[in-house]
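Please open the model in your viewer and keep the selection panel at hand. The stops below follow one another, each saying what to select and what is found there.

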Amino acid sequence: MPSMTPSDSRTTPDWLAHLPNTLTGLQVVDDRWQKYRQGNLAVPDVIHQTETQLPTVEWDVVISGGTLGILLGATLVQQGWRVAVLEKGALRGRDQEWNISRPELQTLVELDLLSEAELERAIATEYNPARIQFGDSDPVWVRDVLNIGVDPVYLLETLKQKFLAAGGTLIEQTAFRNASVHPNGVIISAGEQKFQTRLLIDAMGHFSPLVQQARQGSQPDGICLVVGTCANGYPENETGDLIVSFTPVRRQCQYFWEAFPARDGRTTYLFTYVDSHPDRLSLTDLFDDYWQLLPDYQQVELSQLDIKRAVFGFFPCYRDSPLQYPWGRVLPVGDSSGSQSPLSFGGFGAMIRHLPRLTSGIDEALSTNCLSADDLGWLQPYQPNLSVTWLFQESMRVGMQQSLPPDQINHILGTIFGDMAALGDATLKPFLQDVVQFPALAKTLLRTSVKHPGLVAQILPQVGVGAIARWLPHYLALAGYSLLRPAVQTMQPLTTTLSEKQQYQYHRWLDALQYGTGSDYRGSP
């Protein structure tokens with residue numbers, strides 16, 4: 001690939017000088033990332049439990065965090081529950097498309113959140129095909145995976161109006177402050193108001209104060225750093241990239257790229273998987289490399305681009321996930337819950353995936369008063385198909401003191417994805433949508449081990465014996481869940497003899513088997 005790297009030495013503050021609020025936001029996020037690297041995480045004290053009864057409870061559900069919480073709020077209010085959604089700012093989508101696959105998006109129609117016409121209007125862009133490529137390996141092209149760009153502004157406004165029309169209450173410009181859990185409800189202080197509810201749902205994301213208190217300052221087991229922009233001026237904008245790497249290891253990181261056509265240009269992301277070692281690069285450092293490498297990646301001069309907006313962030317993930325809160329009547333959802341794999345950014349796609357399960361589960365929990373910490377833990381079950389992907393993340397990152405051949409990760413990934421592609425879309429497509437299924441995984445591992453035995457010899461010292469030892473029980477659990485699920489489904493008629501609480505637990509067990517085996521996958525193979 002011929003180099004188009006610009007000769008000037010401009011850095012991120014120069015390229016984003018016309019977006020001063022963005023630069024300020026980048027510094028805020030970088031300061032937070034530095035605290036993670038230094039192990040200087042404050043543990044908030046925002047929730048406690050008390051044994052006093054509340055005289056009244058005005059809400060069934062209060063959801064704190066409206067951007068994605070409105071999806072769940074809109075489904076629950078349709079079930080007849082009294083629902084309030086709290087949002088610290090204005091509930092409005094950002095001008096940044098959310099990429100997803102069409103079968104996944106159809107969930108919103110099936111849950112009566114959108115009509116077919118509204119669904120089509122929510123789609124801002126649609127493209128095909130998308131590329132996967134690592135180093136000098138042959139590219140793999142796939143269709144209908146993350147090829148839909150959703151307009152968040154229209155989608156959230158439509159959901160907000162549906163929520164309000166169904167009787168929901170939206171309180172904007174009202175940030176969560178603290179909460180106390182009582183035997184019969186929760187008192188929430190938000191802004192200058194108080195709310196009494198049977199159930200508090202935390203949809204405040206990775207950095208929710210409730211998550212921070214529950215985690216007690218523990219260091220994440222992995223981090224995904226992301227920077228990117230949406231810009232006009234690209235000569236080609238008809239195909240996308242799901243994951244592409246064209247450089248060797250640098251800064252003790254393997255860099256990966258995504259690119260999606262957007263209604264107002266092209267969105268490109270640079271991301272990398274790291275640990276939280278103190279010497280890791282900052283997001284500003286990563287952005288500086290983004291500007292240096294983007295011309296080679298997209299074959300465009302930076303001077304040709306009109307940068308509309310910049311995106312950036314870091315996403316912590318923990319092996320101890322999904323997260324179960326120690327308090328009754330409080331449930332994390334979305335990014336707060338950690339219900340996505342360590343390969344995924346979470347967000348909209350993960351929320352959509354779990355929306356049917358959460359809607360039915362929360363509805364049943366409210367109906368049967370299964371709202372203790374143990375009861376709500378059934379809504380956050382162990383899912384081996386999420387845990388098994390930790391080995392993939394560890395094979396895609398480099399330790400700060402580790403010495404690897406510069407192209408080793410590209411070679412490993414190029415080989416594995418080539419084997420998955422050779423096994424067909426039924427193997428490749430679910431994995432690309434963050435859904436791991438045992439048959440596909442087993443076939444891929446077998447093919448790679450037989451055809452490329454030397455590759456296994458490279459992976460073992462890179463990830464270490466400890467990572468393999470941690471991974472194997474999850475792999476065996478995935479096999480066990482996959483065998484167990486058909487047998488358990490045949491027991492359905494026996495549930496008529498169970499109590500309401502036992503039925504609730506049994507239904508959550510079925511959900512755990514379905515989602516934990518990737519049987520919830522939505523997409524044509």
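Which residues point one way from β15, and which the other way? In this predicted model, select β15 and show its side chains: Phe256, Glu258, Phe260 and Ala262 point one way, whereas Trp257, Ala259 and Pro261 point the other way, and all are buried. Seven of the seven residues of β15 are buried, so this strand is largely enclosed by the rest of the structure.

**The neighbours of β15**

Val244 stands opposite Trp257 in β15, while the bridge partner of Asp241 is Ala259. On turning to β16, you will see that seven bridges join it to β15, again in an antiparallel arrangement, and that Phe260 stands opposite Thr267 of β16. With two residues between them, β15 and β16 form a hairpin.

**The whole sheet**

Now widen the selection to the open sheet of seven strands, whose order is β7-β6-β14-β15-β16-β13-β17 and whose pairing is mixed. At its edges stand β7 (140-142) and β17 (306-317), each of which has a single partner strand, so that one side of each is left without a neighbour in the sheet. If direction is ignored, neighbouring strands of this sheet are turned by 15° against each other on average.

Two helices that pack on this sheet can be shown next. Helix α2 (residues 20-38) touches β13 (222-232), β16 (265-274) and β17, and its direction makes about 15° with that of β17. Helix α9 (residues 283-298) packs on the sheet as well, touching β6 (130-134), β13, β14, β15, β16 and β17, with a direction that makes about 50° with that of β13.

Centre the view on Phe348: leaving aside residues up to four places away in sequence, Phe348 touches Leu68, Leu71, Trp98, Ile100, Leu105, Val150 and Leu155.

**Two helix pairs**

Select helix α10 (residues 347-368) together with helix α19 (residues 500-516), which pack at an angle of about 170° with their axes 10 Å apart. The two helices are therefore roughly antiparallel to each other. Residues of α10 in this contact include Arg353, His354, Arg357 and Glu364, and those of α19 include Glu500, Tyr504, Arg508 and Asp511. By class, the residues of the contact of α10 with α19 divide into four nonpolar, six polar and six charged.

For the last stop, select helix α16 (residues 438-451) and helix α17 (residues 453-463), which pack at an angle of about 105° with their axes 4 Å apart. That makes α16 roughly perpendicular to α17. Here Thr448, Ser449, Val450 and Lys451 in α16 meet Pro453, Leu455 and Val456 in α17, a contact that has four nonpolar, two polar and one charged residues.

Methods:
Residues are numbered from 1 along each chain as its sequence is written. This is a predicted model: local features need pLDDT of at least 70, side-chain atom pairs count only at pLDDT 80 or more; totals for chains, interfaces and linings use all residues. Side-chain values use heavy atoms; hydrogens and water are left out. Axes are lines fitted to C-alpha atoms, for helices over the stretch in contact, and angles run from 0 to 180 degrees between N-to-C directions. Angles under 35 degrees count as roughly parallel, over 145 as roughly antiparallel, 65 to 115 as roughly perpendicular and the rest as oblique. Contact means heavy atoms within 4.5 Å. Ala, Val, Leu, Ile, Met, Phe, Trp, Tyr, Cys and Pro count as nonpolar, Asp, Glu, Lys and Arg as charged, and the others, Gly among them, as polar. Two strands pair if DSSP finds at least two bridges between them. Buried means under 20% relative accessible area, exposed over 50%, partly exposed in between (1.4 Å probe, protein chains only).
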